[in-house]
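Q: I am new to this structure and would like to be walked through it. Could we begin with the terms?

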Amino acid sequence: MQIRELGLKELFMIYEVVSQLRTSLSYDEFEDLVYEMQSMQYKMLGIIERDKLVTYAGVAIQTNLYDKRHLFVFDLVTDEALRGKGYGKMMLEYLHDYAKMGMCQNIVLSSGFAREEAHRFYEKNGFSKKSFVFFKSV
């Protein structure tokens, strides 16, 4: 098993896992968005076991006035068949070290209201609820 940065040549493998979280996202839209996010230093990180992606995290180091320099986690998902085996916790520990190496003060993520099990997971792993995220279509 290894945790490593994933490359653009591995998008099909990544999509197989990401689509379990982002169910309305087509592959073509996923690919276009990933290419567009490269300008913000979007990094694709994965836990690989036996040449299969087990857990995926899409992250970027960002800075703003309220979270200071932080690691923003856009996506964190473990393959449905392998959930509950500690891979998510392992990825969060890796992200903690990644954030420290990137001189970040915080790790920040957003999670939908309906994902109560995910909220318990994050709280169990040291995260606290800080704010609501508001959204309006244009």
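A: Two strands pair if DSSP finds at least two bridges between them. Helices (H or I, at least four residues) and strands (E, at least two) are DSSP runs, numbered from the N terminus. This is a predicted model, in which local features need pLDDT of at least 70, side-chain atom pairs count only at pLDDT 80 or more, and totals for chains, interfaces and linings use all residues. Residues are numbered from 1 along each chain as its sequence is written, and side-chain values use heavy atoms, with hydrogens and water left out.

Q: In what sense do S2 and S3 pair, and over how many bridges?
A: S2 and S3 pair in the antiparallel sense, over 7 bridges. Within this pairing, Glu49 stands opposite Lys52 in S3.

Q: How many residues lie between the strands in that hairpin?
A: The hairpin of S2 and S3 has 2 residues between the strands, and Arg50 there takes a positive phi near 50°.

Q: What is the order of the strands in the sheet?
A: The open sheet has 5 strands in the order S1-S2-S3-S4-S5, with mixed pairing. Strand S1 (2–6) and strand S5 (106–109) each have a single partner strand, so one side of each is left without a neighbour in the sheet. From one strand to the next, the twist averages 30°.

Q: And which helix packs on the sheet?
A: Helix H3 (residues 87–101) does, touching S1, S2, strand S3 (52–64), strand S4 (68–78) and S5. Its direction makes about 140° with that of S2. Such angles run from 0 to 180 degrees between N-to-C directions, with axes as lines fitted to C-alpha atoms, for helices over the stretch in contact. Contact means heavy atoms within 4.5 Å.

Q: How do S1 and S2 pair?
A: S1 and strand S2 (residues 43–49) pair in the antiparallel sense over 5 bridges. Arg4 has Gly46 as its bridge partner in S2, and Leu6 stands opposite Met44 in S2.

Q: Is S2 mostly covered or open?
A: S2 is mostly covered, with 5 of its 7 residues buried. Buried means under 20% relative accessible area, exposed over 50%, and partly exposed in between (1.4 Å probe, protein chains only).

Q: Changing topic: is Tyr15 buried or exposed?
A: Tyr15, found in helix H1 (residues 11–18), counts as buried because its relative accessibility is 18%. Leaving aside its neighbours within four places in sequence, Tyr15 is in contact with Leu25, Ser26, Tyr27 and Phe30.

Q: And Phe134, buried or exposed?
A: Phe134 counts as exposed, at 77% relative accessibility. Phe134 is found in the segment after helix H4 (116–124).
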